[in-house]
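Subject: Structure handover

Hello,

Here is the structure for you to look at. My notes follow below it.

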Amino acid sequence: MNAKTFAGSEKYMRRAHQVIPKGVNSSRRAVLRPTPLAFTSALGSRITDVDGNEYVDYVAGYGPMLLGHQPPRVIEAVRTQLAAGVLYGGQHQAEAELAERIVRMVPGAEMVLLNVTGSEAVQAALRMARAATGRRKTVKFEGHYHGWIDPVTANGPGSPAGTGPAPRPAIVADHHLVGPEILICPWNDPEALADLLGRHGADVAAVIMEPVAVNGGNLWADEGYLATARRLCDQHGCLLVFDEVVTGFRLAPGGAQQRTGVTPDLTVLAKALGAGFPISAVAGRAEVMRIAEEIGHAGTYNGNATSVVAANAALDVLESDQDSLYPRLERLTNELADGIERLAARHGAPLQALRAGALIRLHWGAPTPARTYADTLAGRTEPLRHLSEHLIRSGVHARDTGLWYISAAHTDDDVDRTLAAVDQALAAVSR
Ligand code: PLP
């Protein structure tokens, strides 16, 4: 243990720094210790870096790899498609097939439009909501993340609770959008939402939320909160938008809305939808979706053939294997989370593992159990960074934010190895 070297990744990062800002193409990737890693291959639950180090992977491409790396049916479908072309600039039959699948699986989906990334599908959903209601404002919640397109970046994960937008360089335009375009609300607080909509409801097109606050700490809403949000939206004529970019297909075949029984007007899907191939979707009530026939919807790569056949194959697996796959994911997640908490108690580490479907979020030093975004902010980030560094040195690739994605490719043996590594890492971090 601790004998891994990272010379190849370090060399790569020195080269990349010359031509890529921070040497990475998505900023969070720059912070990983001991160094941002450069990878050469990934298969199943494992990923290998340029130095030949193999890791049990819980980063999972930041979430899309719900079926693990290179799921055979997805790769086979893409290989077949590659021989027939990648991008047609016209329709192909797999697009309607995918929309039909999403309509079958996701409770709120009556019609579907495809995009490429979660961020742009959020933008499409909010634009459709504005057009459908003739209103301008969007309500978003503290700590929820909806991608990096300007308006919804205000008060993202890590921003202080209840204090308005976090300071950013002036050129990052989210401050001035708070007020005219974006209203920020604490989540899981029915009175706060009722009050905000009571004051601004007539101007609000959309209330957007992560239905399980994954980026805001991996918190479930209290019983009845989502139903209250649904009722308040109806009362004020606003559209309820669920950002299920992470929770979609991961918490259940129909996402968080299937688990909670609350159906939004519009749903944003991405990540697990494409099993690693870039694809996202807006799905929702036909009456709202049809607004796109008036306002348009565009994107060169929307519905590209490789991503669509990948998504069809991934959803086919998730749908047909759901009776065994989801219970197994839940069991592995609980074994991992319970094991981490047991080891933490043994080492006297104030670590908790909040879970939602095949997702774990670790919090260090937060009130136990953390129930609010403010609780999670009270946790400390530095010990989690240390933990992640020690785990990487022991062959476990886990994000320094403590957000772990479990996949169908993980095995009981992976969980055992991971817990052995966590034991060692906690011994070092808790010293
Ligand atoms: N919404 C949520 C809940 C997310 O977690 C993310 C990305 O992590 C996004 C939207 C943005 O998706 P993308 O990174 O594909 O643009």
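Start with strand E7, which is mostly covered: 6 of its 6 residues are buried. Buried means that 20 or more other C-beta atoms lie within 10 Å of the residue's own; exposed means 12 or fewer, partly exposed is in between, and the C-beta atoms are placed from the backbone. Strands (E, at least two residues) and helices (H or I, at least four) are DSSP runs, numbered from the N terminus.

Two points on conventions. This is a predicted model, where local features need pLDDT of at least 70, side-chain atom pairs count only at pLDDT 80 or more, and totals for chains, interfaces and linings use all residues. Residues are numbered from 1 along each chain as its sequence is written.

**The seven-stranded sheet**

E7 belongs to an open sheet of 7 strands. The order is E4-E12-E11-E10-E7-E5-E6, and the pairing is mixed. Two strands count as paired if DSSP finds at least two bridges between them. Strands E4 (111-115) and E6 (182-185) stand at the edges with a single partner strand each, so one side of each has no neighbour in the sheet. From one strand to the next, the twist averages 20°. Angles run from 0 to 180 degrees between N-to-C directions, and axes are lines fitted to C-alpha atoms, for helices over the stretch in contact.

Now the neighbours of E7. E5 and E7 run parallel and are joined by 3 bridges. Val139 has Val207 in E7 as its bridge partner. On to E10 (residues 239-244): 4 bridges join this strand to E7 (residues 204-209), again in parallel. Val207 has a bridge partner here too, Leu240. Met209 stands opposite Phe242 in E10.

E10 also pairs with E11, in the parallel sense, over 4 bridges. Val241 stands opposite Leu266 in E11. In a regular strand the side chains alternate between the two faces of the sheet. Which residues cover the two faces of strand E11 (residues 266-269)? Leu266 and Val268 are on one side, Thr267 and Leu269 on the other, and all are buried.

Helix H6 (residues 190-200) lies across E5 (137-141), E6 and E7, and runs at about 155° to E6. Helix H7 (residues 225-236) packs on the sheet and touches E7 and E10; its direction makes about 140° with that of E10. Contact between two residues means that their C-beta atoms, placed from the backbone, lie within 7 Å.

**The three-stranded sheet**

There is also an open sheet of 3 strands, ordered E13-E14-E16, with antiparallel pairing. Its edge strands are E13 (351-355) and E16 (403-405), each pairing on one side only. Here the twist averages 25° from one strand to the next. E14 (residues 359-364) and E16 run antiparallel, joined by 3 bridges. Ile360 has Trp404 in E16 as its bridge partner.

Helix H12 (residues 322-347) lies across E13 and E14, at about 165° to E13. His347 is found in H12. Is His347 buried or partly exposed? Partly exposed, because the residue has 17 C-beta neighbours inside 10 Å. His347 touches Leu426, Ala427 and Ser430, leaving aside residues up to four places away in sequence. His347 and Ala427 are 80 residues apart in sequence, but 6.5 Å apart in space, C-alpha to C-alpha.

**Domains**

The domain assignment gives domain 1 (7-70 + 322-429) and domain 2 (72-320). Such bounds come from an automatic or database assignment. The C-alpha centres of the two domains lie 25 Å apart. At the interface, 24 residues of domain 1 are in contact with 31 residues of domain 2. On the domain 1 side, the elements giving two or more residues are H12, E14 and helix H13 (373-377). H13 gives the most, with 4 residues. By class, this side has 14 nonpolar, 8 polar and 2 charged residues. Nonpolar covers Ala, Val, Leu, Ile, Met, Phe, Trp, Tyr, Cys and Pro; charged covers Asp, Glu, Lys and Arg; the others, Gly among them, are polar.

**The ligand**

How many residues surround the ligand? The shell has 14, and the closest are Thr117, Gly118, Ser119, Gly147 and Val245. A residue counts as near a molecule if its C-beta atom, placed from the backbone, lies within 6 Å of it. Helix H4 (residues 118-133) gives the largest share of the shell, 3 residues. The shell divides into 6 nonpolar, 6 polar and 2 charged residues.

Best wishes
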